[in-house]
Amino acid sequence: MGYNYRTLEGHFERGQIDFTIHKNLTTGRVRFHIHAFSQTGRISNPFYWLGFKLFGRRLQRKFSTESLKRMQAQVTEVLRKGWRAPAAQAGPPVQAVSSQPSAQEQLRKAGG
């Protein structure tokens, strides 16, 4: 199961971040994975460009670290309470998030 975010046109960076979570119902093992790719977008304001260069990557890493910590805390809480997963059900088919050929090519190259 998972979801993703992709930046909008005109954003400071161009990219996508995917979040997936898998639980082995036999062992109870949970795997949470974050995959991201990005590149600097067009930033015409020199102050914004400098700020992005100085803080952009640090904020990306902080977001990933905090996401992992939050997921671990949530799983720990669920296990502590003894919650059990419901029976697996068929979900809707997975569809591409964009019909634009360039977006499709990026997804293909990223393994999505």
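The model is predicted, so local features need pLDDT of at least 70 and side-chain atom pairs count only at pLDDT 80 or more, while totals for chains, interfaces and linings use all residues. Residues are numbered from 1 along each chain as its sequence is written, and side-chain values use heavy atoms, with hydrogens and water left out.

Let's start with the rings. Searching the whole structure gives five aromatic pairs, where Phe, Tyr and Trp rings (the six-membered one for Trp) pair if their centres lie within 6.5 Å; planes under 30 degrees apart are stacked, over 60 edge-to-face, and the rest tilted. Tyr3 and Phe19 are stacked, because their centres sit 4.9 Å apart with planes at 25°. Tyr3 is in strand S1 (residues 2–6) and Phe19 in strand S2, so this pair ties together parts 16 residues apart in sequence; strands here are DSSP runs of E, at least two residues, and helices runs of H or I, at least four, numbered from the N terminus.

Is Phe19 buried or exposed? Phe19 is buried, at 3% relative accessibility; buried means under 20%, exposed over 50%, and partly exposed in between, with a 1.4 Å probe and protein chains only. Phe19 also pairs edge-to-face with Phe63, at 6.2 Å centre to centre and 75° between planes. That pair links strand S2 to helix H1, 44 residues apart.

Now the core. Ile17, Phe19, Phe32, Ile34 and Met71 form the largest nonpolar core, meaning buried Ala, Val, Leu, Ile, Met, Phe, Trp, Tyr and Cys residues joined through side-chain atoms within 4.5 Å. Strands S2 (13–23) and S3 (30–40) each give two or more residues to this core. Thanks, folks!
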